[in-house]
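Here is a short briefing for a reader new to this structure. It covers a strand and its neighbours, then aromatic rings.

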Amino acid sequence: MANDTRGRALAGRLGSVGVWSGALNHVPAQRAQSAAERLEALGYGALWISEGFASKEAFTHAGLLLAATRRLVVATGVANIWARDATAAGAAAHTLGEAYPDRFVLGLGASHGPEVDVRGHRYTKPLTAMRGYLAALDAAGYDSPRALRPPHRILGALRPGMMALARDHASGAHPYFVTPEHTHKAREILGDGPLLAPEQAVLLETDPGTARAVARRHYLAQTITRPNYINHLAELGYGEDDLLGGGSDRLVDALVAWGDHDAIRRRVREHFDAGADHVAIQPITLAAHDLGLDQLEELAPALLCDSQATSTPRQKAT
């Protein structure tokens, strides 16, 4: 199936709004499964899970969440290509795809230097590494039962080179730590066909000082120190001054949708207007073990009803 067709098919399965969670890595399996059940009941179409160093293994984690739900799509957002070779990743994806047809999405990313070097690898030329990994994934054999339709794969792409690779060798892209302006640029590179599913941080807090302080401490602080994201933000027009003190007000407001329900709904709509097919919202919370479920429950009526009523032309055509 051509990439453009696969991207449209995947957009239809994910729905308009999903949830991105790194916090699920820090809670017991039973609590994570209960959270997935609750998100499914609320009507979110997909659950995106992260993979860090020395945290839950992405494919095992996905299997636990899929086993606890019936319709929810579970996507790795993203699995680290340095954590396992391509043959192992392909086998894991096919295993989950066959067990849970059309409900697992293989999201792959090149990660960051410190998380790669500590594994004994050398982090150089991530675009070259990803290109080679995808070629190895295509060449890998798999002799066990397969799903009728193989799992979709998407790339954690930010900059133009990786975005073009997602366009040509995957079903689309899943950018993290982005703005609607980036979504517009990404759609221009991807073209009309491939899936575009950005992550968007959200925080139900109407006081500007409180909202920005929470966003800096629990979302921006560590992320803006990584070279990959510094380069990415520079391409969006943010300079060194924007990175000081945990992030300027301008940067915080661009990356985190804070405020009331309407403010967050407007930001999600901006991504759709800029070309997104699906937006994965990440609730920002004060504690690492807080999954943000109360925020997600509060937001569900506004976000899910709005997205169903005003879906993009690409979604309507799926």
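Buried means under 20% relative accessible area, exposed over 50%, and partly exposed in between (1.4 Å probe, protein chains only). By that rule Thr76 is buried, with a relative accessible area of 0%.

This is a predicted model: local features need pLDDT of at least 70, side-chain atom pairs count only at pLDDT 80 or more, and totals for chains, interfaces and linings use all residues. Residues are numbered from 1 along each chain as its sequence is written, and side-chain values use heavy atoms, with hydrogens and water left out.

**Thr76**

- Thr76 lies in strand S3 (residues 73-76). Helices (H or I, at least four residues) and strands (E, at least two) are DSSP runs, numbered from the N terminus.
- Its side chain reaches the backbone nitrogen of Gly107 at 2.7 Å.
- Leaving aside neighbours within four places in sequence, Thr76 is in contact (heavy atoms within 4.5 Å) with Trp48, Ile49, Ala58, Phe104, Val105, Leu106 and Gly107.

- Six of the six residues of S5 (residues 104-109) are buried.
- Both faces are covered: Phe104, Leu106 and Leu108 on one side, Val105, Gly107 and Gly109 on the other.
- Two strands pair if DSSP finds at least two bridges between them.
- S3 and S5 run parallel, joined by two bridges. Val74 stands opposite Phe104.
- Strand S4 (residues 79-80) also pairs with S5 in the parallel sense, over two bridges. There, Asn80 stands opposite Gly109.
- Four bridges join S5 to strand S6 (residues 152-155), again in parallel. Val105 has His152 as its bridge partner in S6.
- S4, helix H4 (residues 86-99) and S5 make a right-handed β-α-β unit. Right-handed means that, with the strands pointing away from the viewer, the path from the first strand over the helix to the second runs clockwise.

**Aromatic rings**

- A search of the whole structure finds seven aromatic pairs. Rings of Phe, Tyr and Trp (its six-membered ring) pair if their centres lie within 6.5 Å; planes under 30 degrees apart count as stacked, over 60 as edge-to-face and the rest as tilted.
- Trp20 and Tyr176 have ring centres 4.9 Å apart and planes at 45 degrees, so this pair is tilted. The two residues are 156 residues apart in the chain.
- Trp20 is buried at 7%, and Tyr176 at 16%.
- Phe177 and Tyr219 are also a tilted pair, because their planes stand at 50 degrees, with centres 5.3 Å apart. Phe177 is in the loop between S7 and H8, and Tyr219 is in helix H9 (residues 208-223).
- Trp20, Tyr176, Phe177, Tyr219 and Tyr229 form one aromatic cluster.

Note on methods: Polar contact = N/O pair within 3.5 Å; in protein donor to acceptor, adjacent residues only side chain to side chain.
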